[in-house]
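Subject: Structure for your files

Hello,

Here is the structure you asked about. My notes follow below it.

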Amino acid sequence: MSAKKRVLVVEDNLFNMELVTDLLEANGYAVWQARTAEEGLQRAKLLPDLILMDISLPGMDGLTAIRSLRANPATAHLPVIALTAHAMRGDEETALGAGCDSYLTKPINTRTFAQSLAEVLETAGARQTLTATT
Ligand code: MN
């Protein structure tokens, strides 16, 4: 149970990718990086414990990628946190509507980041236990 949780980060902004990677590694997570949604969908097949998905990406956008993850039985259960660029009204609702579990608004709040992830992982874990026992 001490194995590191693996977090797939799909993010095209290098500064943000570096920040998120540093935060994750400092909190004991293993990080998989993807620069595009297409690459992210490929990596998602290897079943990370959690996906951080930027919404604004070149090529396929993050919302489309989240819908694609949810439509695939192999990846439908994976917890996904959307990264929304700035608090544009409606963005969060759109992201939740696409099927993500939660969202974080950029710029990332470095003090609450780890707790936000832990909560989503905990909720997802409880959901899978429930599914397994019913
Ligand atoms: Mn972006």
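Buried means under 20% relative accessible area, exposed means over 50%, and partly exposed lies in between (1.4 Å probe, protein chains only). Aspartate 12, with a relative accessible area of 27%, is therefore partly exposed.

This is a predicted model, in which local features need pLDDT of at least 70, side-chain atom pairs count only at pLDDT 80 or more, and totals for chains, interfaces and linings use all residues. Residues are numbered from 1 along each chain as its sequence is written, and side-chain values use heavy atoms, with hydrogens and water left out.

Metal site. The manganese ion has Asp12 (OD), Asp54 (OD) and Ser56 (O) as its protein donors, at 2.1 to 2.2 Å. Donors are N, O and S atoms within 2.8 Å of the metal (3.2 Å for Na, K and Ca); water is not among the atoms, so sites may look incomplete. The spacing of the donor residues in sequence is D-x41-D-x1-S. Aspartate 12 sits in the loop between β1 (6–10) and α1 (14–26), and serine 56 in the loop between β3 (50–54) and α3, so the pair ties together parts 44 residues apart in sequence. Helices (H or I, at least four residues) and strands (E, at least two) are DSSP runs, numbered from the N terminus.

Glutamine 33. This residue belongs to strand β2 (residues 30–34) and is partly exposed because its relative accessibility is 38%. Its C-alpha atom is 9.7 Å from that of aspartate 12.

Regards
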